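Open the model in your viewer and keep the selection tool at hand.

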Amino acid sequence: PNRALKQKAKGLPVTFAGAMPYAQARKVLAQSSIFLFPTTHSGEGQSNALTEAMAHGCVPVCSDNG
């Protein structure tokens with residue numbers, strides 16, 4: 001993740017998880033309320049990660065992109 005975002009998130013209840021196996025992601029999502037997906041990739045659409053997060057009840061917060 002972006003170093004500047006990590007710096008801004010210091011002291012906040014935010015986790016930059018990055019790529020992980022699905023079994024581990026399920027555990028993280030089960031403990032989460034919000035899934036932040038701030039992409040800037042012009043070809044990004046509905047990602048699998050976003051769909052999986054919503055399936056676990058996380059509220060999606062996404063950039064207006066793709």
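**Start at Phe35**

Select Phe35: its relative accessibility is 18%, so Phe35 counts as buried (under 20% relative accessible area with a 1.4 Å probe, protein chains only; exposed is over 50%, partly exposed in between). This is a predicted model, where local features need pLDDT of at least 70, side-chain atom pairs count only at pLDDT 80 or more, and totals for chains, interfaces and linings use all residues. Residues are numbered from 1 along each chain as its sequence is written, and side-chain values use heavy atoms, with hydrogens and water left out.

The structure holds 1 aromatic pair. The ring centres of Phe35 and Phe37 lie 6.3 Å apart with planes at 20 degrees, so the pair is stacked (centres within 6.5 Å, planes under 30 degrees apart; over 60 is edge-to-face, the rest tilted).

Extend to Leu29, Leu50, Ala53 and Cys58. With Phe35 and Phe37, these form the largest nonpolar core, 6 residues (buried Ala, Val, Leu, Ile, Met, Phe, Trp, Tyr and Cys residues joined through side-chain atoms within 4.5 Å). S1 and H3 each supply at least two residues of this core (DSSP runs: helices H or I, at least four residues; strands E, at least two; numbered from the N terminus).

Now centre on Cys58. Beyond its neighbours within four places in sequence, Cys58 is in contact with Leu29, Ser32, Ser33, Ile34, Phe35 and Ala53 (heavy atoms within 4.5 Å).

Conventions:
Phe/Tyr/Trp six-rings, centres within 6.5 Å; stacked < 30°, edge-to-face > 60°.
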